[in-house]
Structure formats: structure tokens, C-alpha cells
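Thanks, everyone. Please have the sequence and the model up on your screens.

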Amino acid sequence: MKQQRVYIQAATHISIQSPLNEDWMQTPIQYQRSFIRSIEPNFRDFISPIEARRIGRLQKRALTTSLAVIHQSKIEHPDAIITGTGLGCIENTELFLKDMCSQGEHLLKPTPFIQSTHNTISSLIAIYTQTHSYNVTYSHRNISFECALYDAILQFRLQKINSALVGSHDELTPSWYQLLKKVGYSGNPSAEASVSFMLTPERNNSWCELGGIKVLHQPSIEILKLSLGKLLADNGLNLSDIDAVITGINGNQATDLPTIQVCKQLFGQTSFLHYKHLFGDSYSASGLGLYSAACCLKYQFIPSTLYYMETENQIDNPRNIMFFGQSDYKDYSLILLKSSCGK
Amino acid sequence: MKEPIYITGAGIVSAIGLNKAEVLDSLRQHRTGIGSLQYLQSEHTELPVGEVKLSNEKMKSILKISESIPPTRTSLMGIMAIKEALNEAGIVPSSTQCIGFVSGTTVGGMDMTEQHYLDFFEKNDFDHFITSHDCGACTQTIADYFGHFSYVTSISTACSSAANAIILGAELIESEELDIVIVGGSESLTKYHLNGFNTLMILDHEQCRPFDATRSGLNLGEGAAYLILEKASSAKRRKAKAIGTLSGYGNACDAFHQTASSQNGEGAFRAMNKALQSAGLQTNDIQYINAHGTGTTNNDMSESIAIKRLFGDILPPISSTKSYTGHTTSASGSIEAVICLLAMIYQFLPTNLNWKYPMPEGIVPNMNDYSNNELKHVLCNSFGFGGNDSSLLLSKPINR
């Protein structure tokens with residue numbers, strides 16, 4: 001099938017780094033805590049006070065990052081609004097659950113329930129921007145974002161859309177953090193993430209090109225190698241053209257080592273980058289990983305803090321960065337980003 | 001011309017039957033599955049529901065799942081329905097095939113979370129249910145039971161989740177990513193959403209009456225249904241028989257309100273229109289519409305208007321089968337798709353149970369068992385909270 005080119009036209013984040021900007025590239029905020037909530041911008045710059053009062057924290061963040069990329073790209077009504085969220089609106093979910101479990105089933109209020117459904121985020125964006133186009137939400141653990149992005153790329157290839165707003169949004173409450181920690185699911189640090197991207201087939205003014213994506217369930221190393229080879233071939237690239245690989249290692253040695261091992265098998269000697277030490281881990285962290293890589297291509301500069309080891313080969317003017325993600329060692333993702341600067 | 005997408009297998013678990021044969025019999029005998037609460041431990045015993053008539057323990061024993069791993073009800077029902085679908089398609093998942101699995105759910109593992117939420121913080125006995133809480137975990141449990149899927153994901157768009165899973169499956173095949181995709185949804189009843197819908201005051205305390213002037217809400221149901229979508233050339237190569245084709249689909253957003261549908265049914269209109277356009281068909285090619293038809297004042301009015309806007313004065317037979325199954329929320333898109341397939345295979349019309357009085361400006365639902373016209377193409381509507389509206393266009397396979 002003919003490859004429809006797809007570019008990142010705009011991207012932004014609300015996370016534990018300075019929100020809605022790229023300050024993290026020069027002056028990253030360092031933390032010494034294991035659970036950190038996002039730094040919030042002034043929502044009223046984007047959302048009317050009435051609306052802001054009505055909606056939950058995660059919805060506010062998601063709407064703000066979405067509106068920011070809508071403004072940046074000047075695409076008011078994208079042809080697709082696709083969201084990934086691992087836990088959905090867990091704050092409202094817990095509000096309703098706590099009330100139901102402690103007070104019984106006769107005094108419950110509807111608002112937390114209404115705002116607890118996973119698709120509240122994507123539909124809120126549609127309602128706020130009056131966008132009637134394709135609208136869908138993925139909720140599949142750590143690859144929720146990748147699944148959302150994959151859907152967008154399929155639709156570009158099928159020539160069904162000319163623009164897509166793809167986002168990944170997760171919040172974490174202190175109580176749910178406590179539970180995740182108990183079952184060994186917490187990253188170091190555990191955090192929250194809201195990331196939005198506007199994708200179009202327009203190269204002009206873009207941050208970088210999205211060369212393609214592979215999302216694979218329980219692949220053997222051979223299948224991973226084949227998929228990587230196909231992704232590179234589709235883009236006329238060789239393995240040696242990949243300047244750096246950005247991975248979702250999160251400081252947990254037990255899970256990081258096997259990830260690095262697979263990466264080395266796949267990519268051999270290349271520069272490895274990481275991002276969760278800056279942005280923390282969450283079900284939506286991979287969105288921040290891709291965003292970080294896109295920033296490096298946009299600004300043609302890889303901040304030293306992103307290199308996994310001090311000994312990594314430092315890259316000037318990066319051309320191609322591969323995102324490598326994994327979830328529970330079951331689902332793996334490869335996303336190729338190519339510079340759209342210069343020729 | 002694009003290659004057709006065949007449906008080579010289908011499986012269903014619902015309040016009106018644990019497989020297609022039982023569901024077919026209930027539909028033809030006008031037998032509802034909605035009744036008093038038996039399995040869900042809720043204080044709201046006054047609310048009629050469409051429960052799957054099996055305990056989790058019974059499902060585990062049918063599926064030979066050991067007691068040591070307690071899967072959620074959503075996963076158990078999902079496994080049962082997929083087994084039936086794979087069996088019909090003649091597929092045994094193996095490492096040599098690339099099969100995708102796309103599942104729709106919203107409550108996920110909430111049925112167990114809500115039983116143990118307070119325990120989670122005080123005891124360690126129920127920690128398994130912390131990890132099985134999210135949508136993805138439920139899909140993963142189903143995937144693990146069968147093994148060997150090459151792409152697995154979960155879609156959560158409330159009551160249109162399964163329909164959107166079917167749409168993604170079609171796109172994966174059209175873009176030549178996969179030849180075979182298992183698509184559908186599973187959703188167990190939970191106190192969580194029973195109470196949620198109850199606080200919204202949209203649950204009928206009687207049997208629901210979709211499109212009736214006296215309708216006063218929906219009855220919740222539960223269940224699972226999955227289709228095997230397969231590229232026509234793959235089915236032919238395997239000599240697998242098509243039980244239907246997915247000719248078109250549409251997803252649109254009403255962009256009106258988180259829990260209410262717009263008065264002019266914009267999202268529904270767009271979804272149905274997209275489904276027709278993508279199939280290259282006209283309204284007069286459609287012989288039956290399985291409506292979303294929840295039985296709420298708002299949905300049935302909005303959907304009636306959307307259908308009339310699109311179809312004009314000449315409407316095909318329309319019915320809601322939620323008066324049989326209850327509103328199975330995230331599973332409803334695939335449960336009703338299976339009902340549509342049964343209607344085309346056995347050439348009968350599902351009736352709209354409990355309908356008596358026409359609603360002003362509303363559609364008059366079908367009460368006949370048979371159509372004057374052969375059922376060749378049918379529309380199946382699923383509309384979710386947030387205005388996530390989707391419509392599927394299913395067709396009878398052309399004789400080969």
C-alpha cells in the first residue's frame with residue numbers, strides 16, 4: 001500500500017516538567033520523590049472559567065493540551081480525535097467507588113460517574129470544539145497511546161483523514177498510586193501525563209515526520225527484527241541511519257535490564273535515550289517519550305540529560321530517532337520519527 | 001474495487017442465550033432475558049436487568065479455568081463468546097498465523113474492584129484484582145487464554161465500544177496489516193454502572209419499552225459477542241464460509257453533551273450516513289435497522305429523528321433488541337451485530353418487544369416476524385455517552 005506521509009504539525013504536554021513548553025530541554029526539573037503530580041498551567045488561558053469548574057482535573061489538562069495544538073496548527077476541526085488512556089478518569093472513578101463502597105447505593109451523586117468514563121476526554125474535546133468527526137478512545141495499559149497513534153496512521157494511509165488530534169492522558173491519585181505500588185506497577189517516579197499531537201500530511205512547518213509504527217503482541221525477537229526491518233525499508237532507511245533509540249526504561253532494574261537487552265539485540269550499537277527519569281512513568285508515558293524525541297528533531301538537538309549512559313555517542317543534528325516501547329513484556333511498539341528539516 | 005471483508009465466525013453470550021442457537025430461539029420465541037437480579041449483589045433489587053444466567057464459578061468450570069486465577073466476569077464472558085466464533089470460523093490460534101484481537105469494554109474488571117476496593121487498602125488477599133481492574137487487563141486475560149495473537153488492543157467508547165472495535169478490525173484488514181481480526185466487546189454488569197445509570201435516572205423499573213410513548217428508561221444487561229473479520233481472499237484460501245460481510249461502517253461524534261443526545265440526532269445521522277457511503281449503498285438498499293433504541297426518552301427521540309432525516313418517509317423495518325438482552329453497554333455493538341447476522345441468515349425480523357403506543361414524531365418499530373423483502377443489507381446502530389456514535393452496515397454474503 002502506498003505510504004501516505006504523516007507529519008507532527010504540533011505537540012505539547014502537561015506533565016511533571018514545566019507545562020506547555022520545552023523548558024525541560026534546557027532546565028529540567030529534578031525530583032527526589034517517588035510520586036509526583038503534574039504541574040498545571042493557568043487553565044483559564046485556554047478554558048472558560050465556567051467550563052473549568054465543571055470538569056475534572058484530567059479533562060482540564062487534556063482539553064488544554066488539545067486546544068494548544070489546535071491553535072498551533074490552526075486546525076480547528078481535526079478529521080479524527082483519538083485518545084489513549086490506561087486508567088481513564090481514575091479520580092472520578094474512585095470518588096464514585098469510595099462513596100458506593102462506604103455509604104451504600106442510595107446516596108450517590110451522578111457527576112463523578114458521568115465524568116469517570118474513559119471516553120469523556122475525547123468527547124469533551126469534540127464537544128468543546130464542535131467537532132463531529134471520527135472519535136475514539138483506546139485503553140490498553142502502557143500502549144494505549146501507541147494504539148491511538150496506530151489508528152491515526154492507518155486512517156491516513158487509507159486516505160480517510162487529512163488531520164488527526166492524537167492524545168494520551170492519564171492521571172494518578174494518591175490512593176491509586178498506593179495500590180499500584182502494592183502490586184509492583186509503579187514507575188520511579190510515578191507520575192501523570194497529558195500529551196497532544198496534531199498530525200497532518202503537510203511537511204511545511206512540521207516538527208518531524210512520523211515514518212511509521214508497529215505495535216506487536218508477544219512477538220519473538222525474530223518477529224521484532226522483521227518488523228523493524230520492514231519499518232526501515234518502508235522509509236528507505238538502514239539500521240545505521242537510526243541516530244538514537246528512545247526507550248521507556250523507568251529506573252526499575254528488574255524490568256529495565258531485559259528492555260535494554262532486547263534493544264541491543266535489535267539495534268546493536270546506537271545511542272540510547274531515556275525520558276521517564278524526567279517525566280516519570282504512567283500509562284500515558286509513551287506519549288511523552290514520542291514528544292521528547294519529536295522535540296529533539298524539531299530543535300535539532302538532543303539534551304545531554306536524555307542520554308541513558310554518559311558514554312553514549314552524542315548526536316549533533318539528529319535525523320532519525322526510533323521510539324521503542326514495551327508493556328508487561330507482552331506488547332511492544334516501534335515508532336520511527338524522521339527529521340523534516342532541510343531537504 | 002476493494003476486497004470484501006467477510007465475517008467467518010460469530011459468538012455470543014447474553015441474557016437470551018449462551019450461544020447463537022439459544023439467542024436465535026429466544027428472538028424467534030419473543031422471549032426476553034430481562035428479569036430480577038440473580039448474580040449481581042446490589043441493593044437495587046427493584047431494577048430489572050438482563051443477566052447472563054451463569055455464575056462466574058460455572059463459567060470457569062465450563063472453560064476449565066483453575067480456581068487459582070480468578071478472572072473477571074468481563075473476561076470470562078469474552079472467552080466463551082470468542083470460543084464459539086473461532087470454532088465456527090475453523091480457526092485454532094497458532095504462532096504461524098497473524099491474528100489481531102480488538103476488544104471493547106468500559107467497566108473492565110470493575111466487577112471485582114467494587115467488591116474489594118476497601119479491602120485493597122487493608123488486606124493483601126485481593127491484590128490480583130488491582131491488576132485486573134483496567135480495560136486492557138481484561139482484554140489481556142482473554143488474549144492469554146487463547147495465546148498467539150499478533151496485535152491486541154482495547155477500545156473504550158462507552159456503549160459504542162464493540163462497534164468501534166469492529167470498525168478498527170475492518171481498517172486493519174483494509175490497510176493490509178492483518179488478514180484475520182477477532183473483534184467485539186464484553187461487559188459484565190457491575191454495581192458501579194448500575195448505580196451510575198440510576199443516579200442519572202434513566203433506568204426503567206419495569207421492562208424497557210424502546211420507542212414506546214410510555215418508555216421511561218433502559219434496563220441494563222451484560223454479555224459478550226465477537227466476530228471473526230477476515231479478508232475475503234484469506235477466507236477463500238482457507239475454504240472458510242462467510243456468514244456475512246461487513247460492507248460499511250461509520251463513526252461520528254454528536255459533540256453535544258456527555259450523557260445526552262442532540263435533538264436533531266446529528267452524530268447518529270452522520271454515523272449512519274458514513275456507513276452507507278463507505279458501502280456504496282443507498283437508503284433503499286437497507287432492509288432492516290437494528291436501532292440503538294435504549295428505551296430512554298432522549299435516545300429514542302434523537303435516534304428516530306436521525307433515521308427520518310436520513311431515510312425520509314420510506315423507512316425499513318426498525319427494531320431495538322434491547323428489550324430482549326437489556327442494554328449490554330460496551331458489548332451492545334457486537335451483540336446486536338450478531339443478532340443482525342442471525343436475522344439475515346435465517347431471514348426473520350427481530351421484533352421490538354413491549355411496544356404498544358407510538359411516540360409523537362417517533363419511528364414505529366417493527367412488530368412482524370418476517371419481512372416482505374429479502375434481508376440483504378442491514379444497519380446496526382451503537383451510540384455511546386459523549387456522543388460516540390457508530391453504525392455498522394452488515395450484508396448477507398452473495399452466493400458463491
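A294(A) touches I8(A), A11(A), W207(A), C208(A) and L337(A), leaving aside residues up to four places away in sequence. Touching here means contact: C-beta atoms, placed from the backbone, lie within 7 Å.

A word on the source. This is a predicted model: local features need pLDDT of at least 70, side-chain atom pairs count only at pLDDT 80 or more, and totals for chains, interfaces and linings use all residues. Residues are numbered from 1 along each chain as its sequence is written, while chains are lettered from A and ligands numbered from 1 in the order in which they are written.

Back to A294(A). A294(A), I166(B) and V378(B) have the most contacts inside the largest nonpolar core, which has 227 residues. Such a core is a set of buried Ala, Val, Leu, Ile, Met, Phe, Trp, Tyr and Cys residues joined through C-beta atoms within 7 Å. Buried means 20 or more other C-beta atoms within 10 Å of the residue's own, with C-beta atoms placed from the backbone.

Now chain A as a whole. Buried residues are 57% of its 343. Chain A has 11 helices and 10 strands; these are DSSP runs, H or I of at least four residues and E of at least two, numbered from the N terminus. Its radius of gyration is 19 Å, close to the 20 Å of the globule rule for 343 residues, so chain A is as compact as a globular protein of that length. That radius is taken over C-alpha atoms, and the rule is 2.2 Å times the number of residues to the power 0.38.

How is chain A divided? Into domain 1 (6-200) and domain 2 (208-339), with bounds from an automatic or database domain assignment. The domain centres, over C-alpha atoms, are 23 Å apart. Across the boundary, 40 residues of domain 1 of chain A contact 33 of domain 2 of chain A. On the domain 1 side, α6(A) gives the most, seven residues. By class, that side has 22 nonpolar, 13 polar and five charged residues.

Next, the two chains. Their contact takes 58 residues from chain B and 53 residues from chain A. On the chain B side, α6(B) has the largest share, six residues. That side divides into 22 nonpolar, 26 polar and 10 charged. For the classes, Ala, Val, Leu, Ile, Met, Phe, Trp, Tyr, Cys and Pro are nonpolar, Asp, Glu, Lys and Arg charged, and the others, Gly among them, polar.

Conventions
Contact = placed C-beta atoms within 7 Å. Buried ≥ 20, exposed ≤ 12 C-beta atoms within 10 Å, placed from the backbone.
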